[in-house]
Amino acid sequence: MTVMTQVIARLIFPASLAIAAAMLVKGYVDTGDGFSAGVIAAIAVVLQYMAFGYKNVKQTIPVHLAPFGMVFGLLLSLGVAFVPAMIGQDVFTHAPPPGGELIHLGSLEVHSAVLFDVGVFLIVFGFIVQATSMIAQIVERRAQ
């Protein structure tokens, strides 16, 4: 890749992660959007692979943790979905209930839907990064 592509990839990476974080906590309305945030963050990593190659990205970004994030995200999402069923409520009953006292972190209202979005983010991000990492390894081996 050209030097210009690498410079732009370096500049876009932190901005993409910031946009993904904003999308995760606020989404389109208020609850967040874990899927879109995962895709945005994963595309930022894919751009790094394209600009710098597998070996350089592997040394600078902890992409080897993607499968663990994927598993943790799946467990978190399943927990948020099915824990209410274990205590006698409907599946996906979020806490606190409507009209209940919300926990605030600044202007962010924290409830179980945010945890579900974080789980979805980790699943999507982990899958895309892991799949891209496997493809990048194959391409790099064949190039040698």
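A: Start with what a helix is here: a DSSP run of H or I, at least four residues long, numbered from the N terminus. Ser77 lies in one of these, helix 4. The model is predicted.

Q: Why is Ser77 called buried?
A: Buried means under 20% relative accessible area. Ser77 has 7%, so Ser77 is buried.

Q: What does Ser77 touch, leaving out residues up to four places away in sequence?
A: Ser77 touches Phe116, Gly119, Val120 and Ile123. Contact means heavy atoms within 4.5 Å.

Q: Why is Phe82 called partly exposed?
A: Phe82 also lies in helix 4. Partly exposed is the range between buried, under 20%, and exposed, over 50%. Phe82 has a relative accessible area of 40%, so Phe82 is partly exposed.

Q: How far apart in space are Phe82 and Ile12?
A: They are 38 Å apart, C-alpha to C-alpha. In sequence, 70 residues separate Phe82 and Ile12.

Q: Which residues form the nonpolar surface patch?
A: Leu74, Leu78, Phe82, Val83, Met86, Ile87, Val91 and Phe92 form the patch. Together they have about 790 Å² of accessible area.

Q: What makes Leu78 partly exposed?
A: Leu78 is found in helix 4, residues 66-86. The relative accessible area of Leu78 is 41%, so Leu78 is partly exposed. Patch residues need over 30%.

Q: What makes a set of residues a nonpolar core?
A: The residues must be buried and of the listed nonpolar kinds, joined through side-chain atoms within 4.5 Å. The largest nonpolar core has 15 residues. Those with the most contacts inside it are Val45, Tyr49, Val57, Val63 and Val129. Helix 1 (3-26), helix 2 (34-52), helix 3 (54-60) and helix 5 each supply at least two residues of this core. Helix 2 gives the most, with 6 residues. A second, separate core has 7 residues, including Ala20, Ala37, Ala41 and Phe121.

Q: What does Val63 touch, not counting residues up to four places away in sequence?
A: Val63 touches Val45, Tyr49, Val57, Lys58, Val129 and Gln130.

Q: How many aromatic pairs are there?
A: The count is 2.

Q: Why is the pair Tyr49 and Tyr54 called stacked?
A: Ring centres must lie within 6.5 Å to pair, and planes under 30 degrees apart count as stacked. Tyr49 and Tyr54 are 6.1 Å centre to centre, with 10° between the planes. That pair is stacked. Tyr49 has 7% relative accessibility, so Tyr49 counts as buried. Tyr54, at 11%, is buried too.

Q: What makes Phe121 and Phe125 a stacked pair?
A: Their centres are 5.7 Å apart, with 5° between the planes. The pair is stacked. Phe121 and Phe125 are 4 residues apart in helix 5, so about one helical turn separates them.

Q: Are Phe121 and Phe125 each buried or partly exposed?
A: Phe121 has 15% relative accessibility, so Phe121 counts as buried. Phe125 has 22%, so Phe125 is partly exposed.

Q: How do you know that Thr132 is buried?
A: Thr132 is found in helix 5, residues 112-143. The cut-off for buried is under 20%. Thr132 has 17%, so Thr132 counts as buried. Leaving aside neighbours within four places in sequence, Thr132 is in contact with Val46 and Tyr49.

How values were computed
Residues are numbered from 1 along each chain as its sequence is written. This is a predicted model: local features need pLDDT of at least 70, side-chain atom pairs count only at pLDDT 80 or more; totals for chains, interfaces and linings use all residues. Side-chain values use heavy atoms; hydrogens and water are left out. Patches are made of residues with over 30% relative accessible area and no salt bridge: like charges are joined within 9 Å, nonpolar side chains (Val, Leu, Ile, Met, Phe, Trp, Tyr) within 5 Å. Accessible areas come from the Shrake-Rupley method with a 1.4 Å probe; for residues, only the protein chains shown count as cover. A salt bridge is a side-chain nitrogen of Lys or Arg within 4 Å of a carboxyl oxygen of Asp or Glu. Buried means under 20% relative accessible area, exposed over 50%, partly exposed in between (1.4 Å probe, protein chains only). Rings of Phe, Tyr and Trp (its six-membered ring) pair if their centres lie within 6.5 Å; planes under 30 degrees apart count as stacked, over 60 as edge-to-face and the rest as tilted.
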